[in-house]
Amino acid sequence: MHKKKVLFVCVHNSARSQMAEAFLKQMAWNRFETESAGLEPGVLNLLVVEVMKEIGIDISQNKTKSVFDFYKQGKRYDHVITVCDGSQSQRCPVFPGTTATTRIHWSFDDPASFQGIWEEKLEKTRHVRDKIKQRIEQWIKEFPGI
């Protein structure tokens with residue numbers, strides 16, 4: 001069985017794309033090869049590390065990665081999914097690839113933009129986490145034959 005190759009992309013690869021990668025790996029590791037990357041790799045978002053740990057997924061050792069490094073390595077993907085929010089969509093990178101690559105955009109709020117005290121930002125990040133999880137679950141169902 002051929003595993004579909006999936007790349008999740010956002011600007012910094014510090015939050016949303018990391019969560020999406022972790023969920024797809026957890027839910028369908030046997031059906032998809034999954035990576036994530038960013039246009040300007042940043043530092044892993046501690047809010048995201050915390051909310052993922054709450055549900056038993058440890059991403060604390062993950063590194064942020066560059067879309068350009070993957071491109072230079074000649075990597076190709078069946079699906080490239082951008083997960084930037086609507087207001088940042090013009091900055092959301094596009095992974096160059098063959099025309100056979102399916103490009104998808106899912107809009108999620110950026111935890112780095114959340115205001116308030118730590119608990120308020122955690123709650124907003126939990127909401128984004130849960131939306132990403134639901135979207136991944138839906139998307140997996142679109143591939144019953146894999």
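The legends below describe close-up views of a predicted model.

**View 1. Overall arrangement of the predicted chain.** The protein contains 4 helices and 4 strands, which follow one another along the sequence in the pattern β-α-β-α-α-β-β-α. Of its 146 residues, 45% count as buried. Among the contacts in the protein with a separation of 6 or more, 73% are accounted for by residues 24 or more positions apart.

**View 2. Packing of helix H1 against helix H4.** Helix H1, formed by residues 16–28, and helix H4, formed by residues 118–141, pack at an angle of about 45°, and their axes are 9 Å apart. The crossing in which H1 passes H4 is right-handed. On the H1 side, the contact is made by Arg16, Met19, Ala20, Phe23, Leu24, Met27 and Ala28, which meet Val128, Arg129, Ile132, Lys133, Ile136, Glu137, Trp139 and Ile140 of H4. Sorted by class, the residues of this contact comprise 11 nonpolar and 4 charged ones, with no polar residue.

**View 3. The largest nonpolar core.** This core has 30 residues, and those with the most contacts inside it are Phe8, Leu24 and Ile136. Strand S1 (4–10), H1, helix H2 (46–54) and H4 each supply at least two residues of the core, and the largest share, 6 residues, comes from H1. Apart from this core lies another one, of 7 residues, including Leu7, Val9, Phe70 and Tyr77.

**View 4. The surroundings of Phe8.** When residues up to four places away in sequence are not counted, Phe8 touches Ser17, Ala20, Glu21 and Leu24, among others. The list of its contacts also includes Thr34, Glu35, Ser36 and Ala37, as well as Ile81, Val83, Trp106 and Ile136. Two of these partners, Leu24 and Ile136, are named together with Phe8 as the residues with the most contacts inside the largest nonpolar core.

**View 5. Thr125 within helix H4.** Thr125 lies in helix H4, and its relative accessible area is 0%, so Thr125 is buried, given that the cut-off for buried residues is under 20%. Leaving aside residues up to four places away in sequence, Thr125 touches Leu47, Val48, Val51, Pro111 and Phe114.

Terms used. Residues are numbered from 1 along each chain as its sequence is written. This is a predicted model: local features need pLDDT of at least 70, side-chain atom pairs count only at pLDDT 80 or more; totals for chains, interfaces and linings use all residues. Side-chain values use heavy atoms; hydrogens and water are left out. Axes are lines fitted to C-alpha atoms, for helices over the stretch in contact, and angles run from 0 to 180 degrees between N-to-C directions. A crossing is left-handed if the near helix is turned anticlockwise from the far one by less than a right angle, and right-handed if clockwise. Contact means heavy atoms within 4.5 Å. Ala, Val, Leu, Ile, Met, Phe, Trp, Tyr, Cys and Pro count as nonpolar, Asp, Glu, Lys and Arg as charged, and the others, Gly among them, as polar. A nonpolar core is a set of buried Ala, Val, Leu, Ile, Met, Phe, Trp, Tyr and Cys residues joined through side-chain atoms within 4.5 Å. Buried means under 20% relative accessible area, exposed over 50%, partly exposed in between (1.4 Å probe, protein chains only).
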